[in-house]
Amino acid sequence: MLIPLPHKAKFRCPRNLEATKEFSKCWRPQIHVVGVIVAGVVEAYFLLGPLLPSDSNMECTLVARAIQVAKELLATRGRPLPANLHVQADNTGREARNQGFMMFLASLVHKKVFRSASIGFLPVGHAHIDIDQRFSIIATELAQQGVLQTPEDHGG
């Protein structure tokens, strides 16, 4: 199972293109869209508020949720989780290149969720081709929306 670690896009909400002057003086929190792809199984996207930290704890939470969703979907197809987990991550110490995330991977093996877990780090400046394409589609769709105020406006 290959999981590229969450990739993010940012935008401000609420947004109303016809009322930009009224919104200019309002506090409009920056919302983060985070995506996780479980190769061949599921793509999961999460909306995170501005006060949630972007750290290894959040990475662990999002990857754990993606694994849970993948396990449920695979069960409906009569298939188990694969024996091996490989995570593809950016080369940053804040999110995945640290002891906290490594201990999370070790705990998945210790609890026998996976037989093995590994992580690969992308070279600096290297693009996540699949996830970048998805975010381009999401950004285009959001840009075409005149009003973004509710979860339904964001496709939720």
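Author: One term before we start. Helices here are DSSP runs of H or I with at least four residues, strands are runs of E with at least two, and both are numbered from the N terminus. Keep in mind that this is a predicted model.

Reader: Fine. Where does Lys-112 lie, then?
Author: Lys-112 sits in the loop between helix 3 and strand 7, the latter spanning 116–121.

Reader: Is Lys-112 buried or exposed?
Author: Exposed. Its relative accessibility is 73%, and the cut-off for exposed is over 50%.

Reader: What about the backbone phi of Lys-112?
Author: Lys-112 has a positive phi, about 65°, although it is not a glycine.

Reader: Back up a bit. How many helices and strands does the chain have?
Author: The protein chain has 4 helices and 8 strands. From the N terminus, the order is β-β-β-α-β-β-α-β-α-β-α-β.

Reader: What share of the residues is buried?
Author: Of the 156 residues in the protein chain, 36% are buried. The chain exposes about 9400 Å², with 56% of that supplied by carbon and sulfur atoms.

Reader: And contacts along the chain?
Author: Take the contacts between residues at least 6 apart in sequence: 65% of them join residues at least 24 apart.

Reader: Now the helix pair. How do helix 2 and helix 3 cross?
Author: Their axes come within 9 Å and cross at roughly 30°. Angles under 35 degrees count as roughly parallel, so helix 2 is roughly parallel to helix 3. The crossing of helix 2 and helix 3 is right-handed.

Reader: Which residues make the contact?
Author: Helix 2 brings Ser-56, Glu-59, Cys-60, Val-63, Ala-64 and Ile-67. From helix 3 come Gly-100, Phe-101, Phe-104 and Leu-108.

Reader: Is Asn-98 buried or exposed?
Author: Buried. Its relative accessible area is 18%, and buried means under 20%.

Reader: Last one. Where is Pro-80?
Author: Pro-80 is in the loop between helix 2 (56–76) and strand 6 (84–89). Pro-80 counts as exposed, at 67% relative accessibility.

Reader: How far is Pro-80 from Ala-70?
Author: Their C-alpha atoms are 9.5 Å apart, and the two residues are 10 apart along the chain.

Conventions
Residues numbered from 1 in each chain as written. Predicted model: local features only at pLDDT ≥ 70, side-chain atom pairs only at ≥ 80, totals over all residues. Heavy atoms only, no water. Buried < 20%, exposed > 50% of the residue type's maximum accessible area, 1.4 Å probe, protein only. Contact = heavy atoms within 4.5 Å. Areas by Shrake-Rupley, 256 points an atom, 1.4 Å probe, with all protein chains shown as cover. Axes fitted to C-alpha atoms, helices over the stretch in contact; angles between N-to-C directions. Parallel < 35°, antiparallel > 145°, perpendicular 65-115°, else oblique. Left-handed = near helix turned anticlockwise from the far one by under 90°.
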